[in-house]
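Here are a few friendly notes to read alongside the picture. Keep the structure open and look for each feature as you go.

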Amino acid sequence: MVDGAPVVALVGALVMMVVLLLALRWTFGTGRNQPAPHIPDPDDPTGDGLLEEVSRVPTESAAQVLRSRLGGAGIRATIGRTGGSYRLLVFHSDAVNARVVLSRGALD
């Protein structure tokens with residue numbers, strides 16, 4: 001064996017470690033220059049997340065009637081309570097159709 005072989009092996013190992021660390025940093029880095037996605041606060045009482053309000057009524061029975069009308073039209077809905085009123089909430093993609101269904105009942 002050559003006398004300088006252990007030194008060369010040690011330097012080679014250190015270079016490989018540095019290359020590996022740089023590659024991992026580049027691949028799995030923190031990406032501080034990228035904005036973080038907005039995550040809705042689950043404890044925020046004013047945030048509805050993916051839902052949108054389509055109607056507000058004073059009683060729970062009225063909200064149940066409207067919810068069943070939307071269910072009959074194939075629109076998923078939920079009821080949320082705010083203060084003394086009840087809110088009918090649907091997904092954003094169903095909001096226009098839900099308003100049309102609810103307005104038909106008002107014309108009868």
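1. Start with helix H2, which covers residues 60-72. Helix H2 lies across S1, S2 and S3, and its direction makes an angle of about 20° with S3. Please keep in mind that this is a predicted model.

2. Now turn to the strands themselves. In what order do the three strands sit in the sheet? The order is S1-S3-S2, in an open sheet with antiparallel pairing. Strand S1 (51-57) and strand S2 (77-82) are the edge strands, each pairing on one side only. From one strand to the next, the twist averages 35°.

3. Take a look at one pairing in detail. Strand S3 spans residues 85-91 and pairs with S1 through six bridges, in the antiparallel sense. To find your place there, look for Val57, which stands opposite Tyr86 in S3.

4. Next, step back to the whole chain. The protein chain contains three helices and three strands.

5. How do parts of the chain that lie apart in sequence come into contact? Among contacts in the protein chain with a separation of 6 or more, 59% join residues 24 or more positions apart.

6. Finally, consider the surface. The protein chain has 108 residues, and 19% of them count as buried, a label given to residues under 20% relative accessible area. The chain exposes about 8,600 Å², and carbon and sulfur atoms supply 63% of that area.

Definitions and conventions
Residues numbered from 1 in each chain as written. Predicted model: local features only at pLDDT ≥ 70, side-chain atom pairs only at ≥ 80, totals over all residues. Heavy atoms only, no water. Pairing = 2+ DSSP bridges. Helix = DSSP H or I, 4+ residues; strand = E, 2+ residues; numbered from the N terminus. Axes fitted to C-alpha atoms, helices over the stretch in contact; angles between N-to-C directions. Contact = heavy atoms within 4.5 Å. Buried < 20%, exposed > 50% of the residue type's maximum accessible area, 1.4 Å probe, protein only. Areas by Shrake-Rupley, 256 points an atom, 1.4 Å probe, with all protein chains shown as cover.
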